[in-house]
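Trainee: I would like to learn how to read a fold, starting from one residue. Can you take me through an example?

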Amino acid sequence: MARCEQTLSNSPGESHALVEAARLFLEAECTNQMLKCPGFEEHLIAAMNCYNFAIKVHIEQTQPAMAACLCLELGNALRGLNKPDQAMSYYQRAADLQYQNPLDCLESLGLVASCKIQTRDYDGALTIFTEMAYLAQERGASASGPASRPIGAFCDILARCEVTRVLLLMLLQPTPQRIRPEHAQTLERYAWESHSEDSAPVNCLSEEVFLLLQSTVMACQSRDVSALKSLQKDLWPHLTAEQNHLLHLVIQEMEHPSGEGI
């Protein structure tokens, strides 16, 4: 059907046929996995090929939003099939296509970062969250007016990035020689004497969350596991499931310094 539409130069029809075929192939793959049938994932490969052709059609027709939607759809399907390493490349492609729409771009980048955490690429996740923080601060400030602080959804994204970056830094524990300047600056915000009221990420956090994070950083630096476990109870309701998982890994790493926690 898609080839017939292509012969007729009907790009919308071609794309529609390709997406329908891709969804049917995905449904077949999910059925096979549910029934635990042995195979070589031929249905999944066919579905990915159909999605890739459909994405290419939309890009050729200068429809980046439609192409990005298909990238996200395929990324979600791959993640649902427990293939986050493959899903993240499609989430990244969606973010690239959505660059003119900052909130959509940030949402896709957040999915990339989550996949990196799922695959235990914590350094890669830290890099993505740092990129997200800069983008949210830059685009959020310009959307709110010159020389203003990010508001609304941009502030929520900044808060998520700030909390997750702190937890990732506590998990990775980079040495002073290897830590990047932007990450060192993040940790400096949580030193007792360095609280800056003009810091946009800190202003997006509630005072309670900031103080709890500050105490968490101090507990990690002093390697006080009992204090960290006590803080975990207070932080738990303020964190997302992903952030709570990272905090749990931080405590495990403190208890097993050889690296068994990670």
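Mentor: Start with His183, which sits in helix α9, residues 181-188. Keep in mind that this is a predicted model.

Trainee: Is His183 buried or exposed?

Mentor: Buried means under 20% relative accessible area. His183 has 4% relative accessibility, so it counts as buried.

Trainee: Which residues does His183 touch, leaving out those up to four places away in sequence?

Mentor: Leu126, Thr130, Arg165 and Leu169.

Trainee: Now helix pairs. How are two packed helices described?

Mentor: By the angle between their axes and the distance between those axes. Take α11, residues 207-221, and α12, residues 225-235. Their axes come within 9 Å and cross at roughly 160 degrees.

Trainee: How do α11 and α12 run relative to each other, parallel or antiparallel?

Mentor: Angles over 145 degrees count as roughly antiparallel. The two helices, α11 and α12, are therefore roughly antiparallel. Their crossing is left-handed.

Trainee: Which residues meet where α11 contacts α12?

Mentor: From α11 come Leu212, Ser215, Thr216, Ala219 and Cys220. From α12 come Ala227, Leu228, Leu231, Asp234 and Leu235. By class, this contact has 7 nonpolar, 2 polar and 1 charged residues.

Trainee: Step back to the chain. How many helices and strands does it have?

Mentor: There are 13 helices and 0 strands. Of the 262 residues, 47% are buried. The accessible surface is about 13800 Å², with 54% of it belonging to carbon and sulfur atoms.

Trainee: What about contacts along the sequence?

Mentor: Take contacts between residues at least 6 apart in sequence. Of these, 56% join residues at least 24 apart.

Key:
Residues numbered from 1 in each chain as written. Predicted model: local features only at pLDDT ≥ 70, side-chain atom pairs only at ≥ 80, totals over all residues. Heavy atoms only, no water. Axes fitted to C-alpha atoms, helices over the stretch in contact; angles between N-to-C directions. Helix = DSSP H or I, 4+ residues; strand = E, 2+ residues; numbered from the N terminus. Parallel < 35°, antiparallel > 145°, perpendicular 65-115°, else oblique. Left-handed = near helix turned anticlockwise from the far one by under 90°. Contact = heavy atoms within 4.5 Å. Nonpolar A, V, L, I, M, F, W, Y, C, P; charged D, E, K, R; others polar. Buried < 20%, exposed > 50% of the residue type's maximum accessible area, 1.4 Å probe, protein only. Areas by Shrake-Rupley, 256 points an atom, 1.4 Å probe, with all protein chains shown as cover.
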